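Please look through the sequence and the three-dimensional model shown here before reading on. The report is written for a reader who is new to describing protein structures.

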Amino acid sequence: KMGSKSELKVESVAPETLLAQGKDLFKAKDLEKATEVLGQALQSRTQEYGELAIETAPYYYEYGRALLELCKATQNLLGNKGAQPPPPAEGEADDWEIAWEVLEASRVCYEKELATNSTKEHKLALAEVYICLAECHREQERFAESSADFEKCLKIYEDVLEKGDRLIAYAHQEIASNSVYANQNDKARYHYECVGSTLETRIFSQFAQLQKLAAESKIPEKPSGKMVKSQAKDDARVMAVRNACKSIGKFIEEIEDLSVCRDQVAEQIAGLKEVSSTSNKENEDILSKLASRMPSSKVTSASSGSGQVTIGFGESSAGKGAIPVNKLGTFGTAKSKNTLTATKKRASESSNSQPTDHKKAKV
């Protein structure tokens, strides 16, 4: 009886509420619980709107993203301990495959909607889906397929965002990272150079906005004559100064961060230039160093598709005991396979591609 009551309680929760709860759990790094709640939200949403409705697309994305991160976290845990993951039962897909299938469902929903109703919001949401699909491929050592998805993401960003947007730099950086791992040094160098030029554009833009802000900042004049009822004017002056300083400080902080990123990209480019002029053995050592300090990036996104990407080029997690990307493999069993029964059927009917069948990345 308690089980049936609990089940009724879950079913009575609106999918929007479950989605919000799942996203909060995801942010709190409770990935096991997040995938469970988001799987329930997805199942409820598909029952309400259908499998290919645009209203269902964010639910596929959030569930797929959470499952992807759970896969990566579990792989790191098992790998660091030297443990071997249990193989999936015969006839069952592993978590990596299910994550890819769910994200593919989200892609199909967004592309179907964009075919008749093209909006910036949905384009950016589709770009986020491509990012997760690219990560699925990269974790499985499919660097060409990963780059292909990042290139689709890049095309969207270039179409809808300003030239110096950091999301554009992020996409170039991820393609460059894949190219280093795939020993495509010329391609890696090209995309790192694109990162550098995008960051330069952003720096120039921030300086221009900073100058404009300084010119437009108007501080109320200091009252003259008798100090009668001057307290309000003094308070206004103080508040205006504080607001101006706060805004200027934000611009300066980003400019300094961009400058550091630009310099570290230049180091990557210099390393790739060195590769082209050294022996094979020396190349291996250089590429190993480049991979170990690969520029890291952090993506934070909303289900609406208005994600923000902060590019950082500090110490890579590979230098902290994490498993090298070329050592990752498939493993595990899904926690919510029942949710995906209809999804698998849809994926086979709506898309001829499989995880290993994506088009090769363009150079």
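Predicted model: local features only at pLDDT ≥ 70, side-chain atom pairs only at ≥ 80, totals over all residues.

Residues are numbered from 1 along each chain as its sequence is written, and side-chain values use heavy atoms, with hydrogens and water left out.

**The chain as a whole**

The chain has 12 helices and two strands, where helices (H or I, at least four residues) and strands (E, at least two) are DSSP runs numbered from the N terminus. Read from the N terminus, the order of the elements is α-α-α-α-α-α-α-α-α-α-α-β-β-α. The chain holds 363 residues, of which 46% count as buried; buried means under 20% relative accessible area, exposed means over 50%, and partly exposed is in between, with a 1.4 Å probe and protein chains only. Among the contacts with a separation of 6 or more, 71% are between residues 24 or more positions apart, a contact being heavy atoms within 4.5 Å.

Two packed helices are described by the angle between their axes and the distance between the axes. The axes are lines fitted to C-alpha atoms, for helices over the stretch in contact, and the angles run from 0 to 180 degrees between N-to-C directions.

Helix 5 (residues 95-114) and helix 6 have axes that come within 9 Å and cross at roughly 155°. That makes helix 5 roughly antiparallel to helix 6, given that angles under 35 degrees count as roughly parallel, over 145 as roughly antiparallel, 65 to 115 as roughly perpendicular and the rest as oblique. The crossing of helix 5 and helix 6 is left-handed, a term used if the near helix is turned anticlockwise from the far one by less than a right angle, whereas clockwise is right-handed. The residues that meet include Trp96, Trp100 and Leu103 in helix 5 and Val129, Tyr130 and Leu133 in helix 6. By class, this contact of helix 5 with helix 6 has 13 nonpolar, three polar and six charged residues; Ala, Val, Leu, Ile, Met, Phe, Trp, Tyr, Cys and Pro count as nonpolar, Asp, Glu, Lys and Arg as charged, and the others, Gly among them, as polar.

Leu114 lies in helix 5 and is buried, with a relative accessible area of 17%. If its neighbours within four places in sequence are left aside, Leu114 is in contact with Thr119, His122, Lys123 and Leu126.

Helix 6 (residues 120-139) also packs with helix 7 (residues 143-160), at an angle of about 165° and with the axes 8 Å apart. Helix 6 and helix 7 are therefore roughly antiparallel to each other, and their crossing is left-handed. Among the residues making this contact are Leu124, Ala127 and Ile131 of helix 6 and Phe150, Cys153 and Ile156 of helix 7. The residues of the contact of helix 6 with helix 7 divide into 13 nonpolar, two polar and six charged.

**Salt bridges**

How many salt bridges does a search of the whole structure find? The search finds 17, where a salt bridge is a side-chain nitrogen of Lys or Arg within 4 Å of a carboxyl oxygen of Asp or Glu. Some of them are listed here.

| Residues | N to O distance |
|---|---|
| Glu62 and Arg65 | 2.8 Å |
| Lys155 and Asp159 | 3.2 Å |
| Asp257 and Arg166 | 2.9 Å |

Glu62 and Arg65 are three residues apart in helix 4 (residues 57-81), so about one helical turn separates them, and both are buried. Lys155 and Asp159 lie four residues apart in helix 7, about one turn of the helix; Lys155 counts as exposed at 53% relative accessibility, and Asp159 is exposed with a relative accessible area of 53%.

Asp257 forms its salt bridge with Arg166. Asp257 lies in helix 10 (residues 231-275) and Arg166 in helix 8 (residues 166-181), so the pair ties together parts that are 91 residues apart in sequence. Asp257 is partly exposed at 31% relative accessibility, whereas Arg166 is buried at 10%. Salt bridges that share partners join Arg166, Arg202, Glu254 and Asp257 into one network.

**Two loop residues**

Most residues other than glycine have a negative phi. Lys29, although not a glycine, has a positive phi of about 70°, and Lys29 lies in the loop between helix 2 (15-27) and helix 3 (31-49). Asn183, also not a glycine, has a positive phi of about 60° and lies in the loop between helix 8 and helix 9 (185-216). Lys29 counts as exposed at 69% relative accessibility, and Asn183 is exposed with a relative accessible area of 53%.
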